[in-house]
Amino acid sequence: MKVLSPFGPKIAQLKFNKSLINKINKEVDRISSQKKLTKKYDYSKKLVGQVKQEIQLPKNFIKKYLAKKINQSIKEFIKSTTGKTTKTIKIKNFWVVSQFSHEYNPVHYHDGHVSGVGYLKIPKFTTSKKSLTTNGTIDFINGNKMFLNNSIFNHNPKVGDVILFPNYLMHTAYPFASKGERRSFSFNAEIDNSIANVFKNE
């Protein structure tokens, strides 16, 4: 017997190597250590996160260290899910979220066509008396819970994890009560409209 799962949005899981993670963390630390730079690259007003620090990384840093890896990953994602090769990939934005105890990101979606989330620092999460396992994790949400259909995919992040998903896929980052920083990054990218616009011939 072969069980098929042909419906619903597709997501991809991959890893950024330790060297790249360290480069991103170093750049974030550089910006956040200087008030002038923190103000310059503050991105919190454009985001829904209930957190104190959200910064956008400089375009030259993205181009030098991130664009090639992101572009390659998106091309592979699109090829494996649609069978098509995207010729154009434009990274619209790339930002880093520093989440601390009791902060969270409510359910939301992104712009662009393909979005990504990755993890730079993860504290040790403590569970509550009710033994919740969602503290500090991320949920992706689609549709309703029904027979033979799950509506939530939960991911317990580890440093280096990266997830690609269609921009419209709803998701949320849970709060946690332990000490330390949960540092993640997100980005949005546009691909060939001929691939992303599935209604073009209708």
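1. Terms first: buried means under 20% relative accessible area, exposed means over 50%, and partly exposed lies in between, with a 1.4 Å probe and protein chains only. Leu148 is exposed, at a relative accessible area of 78%. Its phi is near 60°, a positive value in a residue other than glycine. Leu148 sits in the loop between strand S6 (138-141) and strand S7 (152-155).

2. On the basis of this note: the model is predicted, local features need pLDDT of at least 70, side-chain atom pairs count only at pLDDT 80 or more, and totals for chains, interfaces and linings use all residues. Residues are numbered from 1 along each chain as its sequence is written, and side-chain values use heavy atoms, with hydrogens and water left out. Helices (H or I, at least four residues) and strands (E, at least two) are DSSP runs, numbered from the N terminus.

3. His102 also deserves a look. Its phi is positive, about 75°, although His102 is not a glycine. The residue lies in the loop between strand S3 (89-99) and strand S4 (105-108). His102 is exposed, with a relative accessible area of 60%.

4. Next, the helix pair. Helix H1 (residues 18-32) packs with helix H3 (residues 59-82) at an angle of about 150°, and their axes are 12 Å apart. H1 is therefore roughly antiparallel to H3. Angles under 35 degrees count as roughly parallel, over 145 as roughly antiparallel, 65 to 115 as roughly perpendicular, and the rest as oblique. Axes are lines fitted to C-alpha atoms, for helices over the stretch in contact, and angles run from 0 to 180 degrees between N-to-C directions. The crossing of H1 and H3 is left-handed, that is, the near helix is turned anticlockwise from the far one by less than a right angle.

5. Which residues of H1 and H3 meet? From H1 come Leu20, Lys23, Ile24 and Glu27; from H3 come Phe61, Tyr65, Leu66 and Lys69. Contact means heavy atoms within 4.5 Å. The residues of this contact divide into five nonpolar, no polar and three charged. Here Ala, Val, Leu, Ile, Met, Phe, Trp, Tyr, Cys and Pro count as nonpolar, Asp, Glu, Lys and Arg as charged, and the others, Gly among them, as polar.

6. Now the open sheet. Four strands form it in the order S4-S9-S6-S7, with antiparallel pairing. S4 and S7 stand at the edges with a single partner strand each, so one side of each has no neighbour in the sheet. The twist averages 15° from one strand to the next. Two strands pair if DSSP finds at least two bridges between them.

7. Within that sheet, S6 and strand S9 (residues 170-173) run antiparallel and are joined by four bridges. Phe140 has His171 in S9 as its bridge partner. S4 and S9 also run antiparallel, joined by two bridges. His108 has His171 in S9 as its bridge partner.

8. Finally, strand S10 (residues 182-191). S10 is mostly covered, with nine of its ten residues buried. S3 pairs with S10 in the antiparallel sense over ten bridges; Ile91 has Ala189 in S10 as its bridge partner. Strand S5 (residues 114-121) pairs with S10 in the antiparallel sense over seven bridges. There, Gly116 has Phe187 in S10 as its bridge partner.
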